[in-house]
Amino acid sequence: MTAKHSGGLLLRLAGPLQSWGTHSKYLWRDTARFPTRSGVVGMLAAGLGREREAPLDDLTALSMTVRVDRPGVVLTDFHTVGGGLPADETVITVDGKRRGEGKGTLVSKRQYLADAAFTVALTSEDAELLHRCAAALRDPHWPLFLGRRSCPPEGPVLLGAVEDPLRHLVRLPLAARRPRGGPQPTEFYSDRPLGVLPVVSDAADGEDGDHHSGEVADEPLSFAPLGRQYRPRPLYRRAVRLPDATYAGFGTRYLERLHHYIDQHVVEPERSAG
C-alpha cells in the first residue's frame, strides 16, 4: 500500500523568458501571467521520462499553488517558420499537403514573460509520488523548460520537500526588492481554495481566496502530439501583503537568503522520502 502523508515539493521557476500558453492556437501563441498546471505537469512528465502518450492521472492528482515573486513583463516575438525551404520541405498544412510556392513562410506571434519569478508548492498525500517527482526534477530524464523549449530555467527547479508546503510558500524569501511605499500585495494562484494560506487575517488584500475567480483550461488529459486534450478547472486567487523581511532582493543577496532558508527548514531532495 502506498504511504499517505500531507506533504509537498517546493519549486522555483525563474529564467530570462517563460511562456505558459492557455489559448495558443495556430499562428498566435499566448502566455498566462503565471505557470499553468499543464506546463508544470509537462515538466514533471519530462523529468520522469514519460512518452507523450503516457497516462497523466497520477500527476494531475497533485495540487498546485503558485506564488508570484515577480510578475515579469509580457513580450511579443515576431516569428517566422519555413522560409527559404524547397517546395517539398515547406510546412505541412492541416490536410497533409505542402504549402504552395511563395506561401512557404508562416508568420506567427509568440508571447513570453521576461524576468518573471515564481515559487510553486506541489502537494499530495502520496509520499511515493512526491519522492519520484523530486528525483525526476533533481536529475531529469529530459531537459526541463519553463513552458516552452526555448525557455530553460536559470537554475535548479527543485528547492526541496517539506511537510507543510503552504506554510513555507508564504515564508520563503521573495525574489524581489521591497517596493517603495511599503509592501504590495503578492498574488497566489491555486487549483484549491486559498483560505487555508497560513497568513494573519489583516494581511489579506480583499478576497479570502475561498471562492474561485474563474476557470482556466489548463488541466491536461493527454499530451499526445495529434491528440492533445485539456479541460477547464477552477482558478483560485488571493492577494496577501507579506512582511517586509520576506523581500530578499535580486542576485547574490537573494540566493544567499534562499539557501539559508532551505538549510534551516527544507529537507534535502535526495533525502525527502526518509
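How many residues does helix H3 have, and what distance does it reach from its first C-alpha to its last?

## Helix H3

Helix H3 (residues 127–138) has 12 residues and reaches 16 Å from its first C-alpha to its last. This is close to the 16 Å expected at 1.5 Å a residue, where the expected span is 1.5 Å times one less than the number of residues. Helices (H or I, at least four residues) and strands (E, at least two) are DSSP runs, numbered from the N terminus. The buried residues of H3 are Leu129, Leu130, Cys133, Ala134, Ala136 and Leu137. They lie on the same side of H3, because they cover an arc of only 165 degrees around the axis; the arc is that of the directions from the helix axis to the C-beta atoms. Buried means under 20% relative accessible area, exposed over 50%, and partly exposed in between (1.4 Å probe, protein chains only).

At the start of H3, the backbone nitrogen of glutamate 128 has a side-chain oxygen of aspartate 126 within 3.2 Å.

## Basis of the model

The model is predicted: local features need pLDDT of at least 70 and side-chain atom pairs count only at pLDDT 80 or more, while totals for chains, interfaces and linings use all residues. Residues are numbered from 1 along each chain as its sequence is written, and side-chain values use heavy atoms, with hydrogens and water left out.

## Helix H1 and serine 38

H1 also has 12 residues, and reaches 16 Å from its first C-alpha to its last. Of these 12 residues, 10 are buried, so H1 is largely enclosed by the rest of the structure. Among them are Arg37, Val40, Met43 and Leu44. Just after H1, glycine 49 takes a positive phi of about 75 degrees.

Serine 38 is found in H1, which spans residues 37–48. Serine 38 counts as buried because its relative accessibility is 10%. Its side chain is joined to that of threonine 36 by a polar contact of 3.3 Å. A polar contact is a pair of N or O atoms within 3.5 Å; within protein, one must be able to donate a hydrogen and the other to accept it, and residues adjacent in sequence count only if both atoms are side-chain atoms. Not counting residues up to four places away in sequence, serine 38 touches Asp218, Pro220, Phe223 and Tyr230, where contact means heavy atoms within 4.5 Å.

## Nonpolar cores

A nonpolar core is a set of buried Ala, Val, Leu, Ile, Met, Phe, Trp, Tyr and Cys residues joined through side-chain atoms within 4.5 Å. The largest has 38 residues, of which Leu9, Leu11, Leu13, Trp20, Met43, Phe118 and Leu137 touch the most other members. Strand E1 (4–18), H1, E3, strand E5 (106–126), H3 and strand E6 (158–162) each supply at least two residues of this core. E5 gives the most, with six residues. A second, separate core of 26 residues includes Leu172, Leu174, Tyr261 and Val266.

Strand E3 (residues 63–70) is mostly covered, with eight of its eight residues buried. Three bridges join E3 to strand E7 (residues 186–190), and the two run antiparallel; strands pair if DSSP finds at least two bridges between them. Arginine 67 has phenylalanine 188 in E7 as its bridge partner.

Lysine 109 lies in strand E5 and counts as partly exposed, at 46% relative accessibility. Its C-alpha is 5.0 Å from that of phenylalanine 78, 31 residues apart in sequence.

Proline 225 is placed in the loop between strand E8 (214–222) and strand E9 (229–240). The C-alpha atoms of proline 225 and glutamate 53 are separated by 8.0 Å.
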